[in-house]
Every structure is written in C-alpha cells, then in structure tokens.
Amino acid sequence: MTKAESKPIYHPASAPDFVPVPLLRKLQLERLQAIVGRAYDRVELFRKRLGERGLTPADIRSLDDIAKLPFTTKADLRDTYPFGLFASPLQDVVRLHASSGTTGKPIVVAYTKDDVAVWTSVMMRSLAACGLHEGDIIQNAYGYGLFTGGLGAHYGAEGIGATVIPISGGNTDRQIMVLKDFGVTALCCTPTYFLHLIDRAAQLGVDMKSLPLRVGVFGAEPWTQSMRKYMESVTNVAAYDIYGLSEIIGPGVAIECPQHDGLHVFEDHFYPEIIDPETGKVLPDGQEGELVLTTFSKWAMPMIRYRTRDITALLPGTCGCGRTLRRMRRIGRRSDDMLIIRGVNVYPSQIEAVLLEVEGTLPHYQIILTRERGLDQLEVQVEVTPQVFSDRVGALEALADKLGDTIERVIGIRIKVTLVEPQTIQRSEGKAKRVFDKRGQT
Ligand code: DLL
C-alpha cells in the first residue's frame with residue numbers, strides 16, 4: 001500500500017473537526033460572548049440570575065470566565081414550561097421537540113431555521129465520523145416524533161447524501177426484512193434495540209453476518225464496552241457511540257471516530273465542562289464528574305452551563321484520527337441513576353459490565369428493587385444461553401454463584417442473581433428500562 005492509499009479518507013463535512021486549536025478557542029470565545037449577550041437580552045431568568053451575581057455580558061472576557069455564569073438545570077426548564085426559556089419569538093421557531101421526564105410535564109425545546117441547519121451539520125459530521133457517505137443506505141430506527149433521535153439522524157443522513165430509510169422504531173420483523181432486502185449498510189437505533197434485532201434475526205433464520213450492514217450508530221442510552229464486543233462478535237457491524245440530549249440540540253453533541261477512544265464533542269457549537277456534582281467546581285481534564293454544556297449557536301433556546309447529570313471525563317491528549325475536538329469518555333451512568341442499596345451506591349452499568357463479561361449470559365437483564373421488612377433487596381434477572389439453560393441444574397447454580405461473587409466484588413454487597421430462559425425479558429424498541437424500583441410498593 002502506498003502512503004497516499006493508507007491515509008484515511010475524510011468526508012468534506014468533517015472539515016470543521018480538524019480546525020487548529022487556537023482558531024477554535026478564538027471562535028468559541030466570540031460565540032460565547034454572543035450567546036451570553038443574546039440570553040441576557042432575551043431570557044428573563046438568565047438576566048435575573050446574572051443580575052443577582054452582579055454580572056453583565058461584558059464580564060465574559062475569556063473562555064475561563066464561563067465559570068462565573070450560573071448553571072441551568074432541568075428544573076429551570078420545568079419551571080418555565082412550556083416556552084419560558086425561548087430567546088426567539090414563536091414566529092421564528094420552525095420546530096418544537098419535547099422530552100418526557102420521569103415525572104409530570106415534558107420539557108420543550110425549540111429551533112429556528114438556523115438551529116436546524118446547525119443540528120443538520122453536526123449530524124452530518126457525526127455520520128461522516130462513522131465512515132458514512134453518499135451511497136450508504138441508512139436505516140433510521142430511532143423514533144420519529146417529539147423524540148429528537150428520528151429527525152436528527154434523518155437530516156444528517158440526507159445531508160451527507162446517503163439514502164435514508166425513515167422506518168422509525170418498532171415492527172421488528174419488518175425492520176429485518178428491510179435490512180435484508182434494501183441492502184442496508186448502516187443502522188441508527190438504540191443499542192438495546194439492536195440487541196433485540198440480533199435476537200429476532202436469529203429466530204427468523206437471518207444471518208446478520210451475511211448482510212451488507214457494516215456500521216451501527218448507537219446512542220440515546222448508556223451501553224458498555226462489553227456490549228460493543230458482543231455486537232461486533234455476532235454481526236459485521238462497527239458500533240459507534242453517539243451522544244446528545246434534547247436540551248442541547250438532540251443527537252449530534254458528540255460522536256466516536258474510528259479510533260473508538262472516547263467521543264469527540266462538537267465544541268465549536270457545544271462547550272463542555274466537567275464539574276464536581278456536589279460543589280459545582282470545574283474539574284481538570286481526566287477527572288470524572290458531571291458534564292455541563294453550553295450551546296454557542298442555538299438561537300431559539302440558548303442553554304448556558306446546562307447540567308446534564310451525565311457522568312464522564314474529558315480525555316487529556318490528542319486523538320489518532322487528527323480531530324482537534326476534545327473527547328469525552330463514553331457515558332456509563334447519570335448522577336441520578338445511582339441506586340442506594342443498604343447504604344451502598346450502586347450503578348446499573350457496573351452490574352451490566354459484570355453480566356456481559358461472564359460466559360453463558362445474554363445481554364438481556366433487568367434489575368428489580370424491593371423492600372422486605374425494611375431492608376432493600378436487589379435482584380438481577382439475566383437471560384442465559386439456550387445451552388446453559390438446558391444444561392444440568394448444577395451448571396445453572398454454578399453460573400448464578402459465579403455472577404453473584406463477581407458482582408459482590410465490584411459493588412461490595414451480595415445481591416440475588418436469577419437466571420432466566422432466553423426471550424423472557426421484555427425487549428425495548430427505544431430506550432430500555434432496566435431498573436424496576438418497587439420499593440414503594442412492598
Ligand atoms: O436521547 C438524543 C439522542 C438520540 C442521542 C439518538 C443519541 C441518539 P434525550 O431523550 O433528551 O435525547 O435523552 C438525553 O440520554 O442526557 C443521556 O443521559 C442519555 N444518552 C444519550 N446518548 C447517550 C449515549 C436523546 N451515547 C439523555 N450514552 C442524556 C449514554 C446517552 N447515554
């Protein structure tokens with residue numbers, strides 16, 4: 001192979017990913033000053049909070065000055081429901097999306113025409129980073145509707161000139177027929193829905209490895225490295241992690257590149273900080289904490305220092321792909337995912353990582369919390385392979401014990417592990433619900 005041939009081919013949409021760092025920082029400062037000015041002039045809550053701190057937009061003279069600004073939280077969105085944080089009149093808003101919270105009303109987000117163009121551009125850059133281009137056939141199984149996944153991926157896919165199949169979520173048998181018959185080369189969906197597709201394809205006698213499908217763009221919920229290994233072992237798909245949230249824009253805030261070593265944040269549009277969730281202090285690169293994002297170019301609804309509740313770290317060093325955009329570690333958990341079991345902090349992702357590393361289990365599980373005589377009980381139900389299930393009873397017990405021991409080593413408490421038959425745990429078409437907290441009911 002000649003030197004020229006060995007060079008990776010970059011899609012033109014990726015050009016901004018490689019901007020020299022000094023230029024990027026200059027652009028970020030200009031954009032920060034502009035968005036702070038806009039929010040101050042047009043969003044009452046923001047102006048009030050700045051006033052309380054004795055600040056005006058003129059106090060933002062460097063990027064570090066961002067730390068002086070107040071945080072925005074999900075509660076602020078709820079309290080100003082539905083349109084209270086908009087910085088544009090409704091006549092300039094061309095799109096609304098909404099994200100359902102765990103309680104009550106959804107939060108509403110707005111886009112001007114230019115915001116939709118920015119969103120399209122970051123989604124084009126995301127798909128291009130996954131190696132997609134004109135000629136690819138992209139099956140988009142993210143839900144279309146108020147959820148941002150469907151339309152976000154759709155505009156990006158069309159933007160790079162690929163053929164997009166707007167199939168949305170659900171109707172799994174039809175999804176498999178389309179994957180097969182339309183020569184689909186890339187699939188966008190939640191990682192748990194891809195697991196479901198893998199399963200169902202096997203039941204229908206469709207060999208995933210015989211399909212032209214080579215790229216998966218998976219996000220909207222946490223997934224682990226072990227899950228990637230599993231997906232890549234049973235299909236020919238290179239699995240890419242895509243991150244985003246409605247409050248900031250939707251999918252397309254950060255994406256993996258072919259190095260699969262963290263997600264590049266599109267920081268010419270979204271400025272990342274990591275803070276200590278307790279004190280709110282900004283943490284240095286490499287240290288884990290809560291991701292805080294500021295939108296530089298979202299006109300209809302600027303978000304200044306939005307506390308995502310997602311836990312990650314900004315990775316020091318540069319990436320082998322040459323992108324100058326900083327990377328964040330994949331998101332394994334949210335600060336509000338934490339379960340407190342008999343006083344011990346437990347994250348579902350810790351349990352998932354153990355389950356998938358032990359041979360004989362399948363990546364389908366659920367965590368059930370109950371309270372018996374005042375004591376919290378945690379049970380993990382996990383599917384096992386048909387071979388293990390039909391094996392001697394002793395083999396099942398041995399596997400449950402092994403899982404129990406390993407989980408205890410990781411989280412520090414003994415929990416109940418129940419092995420269940422393949423296909424008994426409810427499958428998801430979008431974001432999976434893994435944890436069932438029945439403590440209030442028992
Ligand atoms: O889930 C946007 C999206 C659509 C992202 C499609 C990627 C693909 P929301 O419904 O507002 O938006 O949920 C946002 O989902 O704060 C994270 O907790 C979680 N999340 C999103 N992507 C990832 C990911 C969309 N790659 C919330 N890894 C975020 C882990 C993720 N968690």
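A salt bridge is a side-chain nitrogen of Lys or Arg within 4 Å of a carboxyl oxygen of Asp or Glu. Arg439 and Asp437 form such a pair, with their closest N and O atoms 2.8 Å apart. The model is predicted, with local features needing pLDDT of at least 70 and side-chain atom pairs counting only at pLDDT 80 or more, while totals for chains, interfaces and linings use all residues. Residues are numbered from 1 along each chain as its sequence is written, and side-chain values use heavy atoms, with hydrogens and water left out.

**Salt bridges**

- The count by this rule comes to 31 salt bridges.
- In the pair named above, Arg439 is buried because its relative accessible area is 15%, and buried means under 20%, exposed over 50% and partly exposed in between (1.4 Å probe, protein chains only).
- Lys26 forms a salt bridge with Glu30, and the closest N and O atoms are 3.3 Å apart.
- Both Lys26 and Glu30 lie in helix H2 (residues 21-42), 4 residues apart, which is about one turn of the helix; helices (H or I, at least four residues) and strands (E, at least two) are DSSP runs, numbered from the N terminus.
- Lys26 counts as exposed because its relative accessibility is 53%, whereas Glu30, with 42%, is partly exposed.
- Arg334 forms a salt bridge with Asp310, the closest N and O atoms being 3.1 Å apart.
- This pair links distant parts of the chain, with Arg334 in strand E15 (residues 333-334) and Asp310 in strand E12 (residues 306-312), 24 residues apart.
- Arg334 has a relative accessible area of 24% and is therefore partly exposed, while Asp310 is buried at 7%.
- A network of salt bridges links Asp17, Arg125, Asp268 and Arg323.

**Two helices in contact**

- Helix H8 (residues 191-203) packs against helix H9 (residues 225-234) at an angle of about 35 degrees, with their axes 11 Å apart.
- Axes here are lines fitted to C-alpha atoms, for helices over the stretch in contact, and angles run from 0 to 180 degrees between N-to-C directions.
- H8 contributes Pro191, Phe194, Leu195 and Ile198 to the contact, and H9 contributes Met227, Tyr230, Met231 and Val234; contact means heavy atoms within 4.5 Å.
- The residues of this contact divide into 8 nonpolar, no polar and no charged, where Ala, Val, Leu, Ile, Met, Phe, Trp, Tyr, Cys and Pro count as nonpolar, Asp, Glu, Lys and Arg as charged, and the others, Gly among them, as polar.

**Thr361**

- Thr361 is found in strand E18 (residues 361-372), and it is buried because its relative accessible area is 11%.
- A polar atom of the Thr361 side chain lies 2.6 Å from the backbone oxygen of Leu355.
- The Thr361 side chain also reaches the backbone oxygen of Val358, at 3.0 Å.
- Leaving aside neighbours within four places in sequence, the residues in contact with Thr361 include Val382, Glu383, Val384 and Leu403.

**Pro251**

- Pro251 has its place in strand E8 (residues 250-256), and its relative accessible area of 12% is why it counts as buried.
- The C-alpha atoms of Pro251 and Gly150 are separated by 9.2 Å, although these residues are 101 residues apart along the chain.
- Leaving aside neighbours within four places in sequence, Pro251 is in contact with residues including Trp119, Met123, Thr148 and Ile242.

Terms used:
A polar contact is a pair of N or O atoms within 3.5 Å; within protein, one must be able to donate a hydrogen and the other to accept it, and residues adjacent in sequence count only if both atoms are side-chain atoms.
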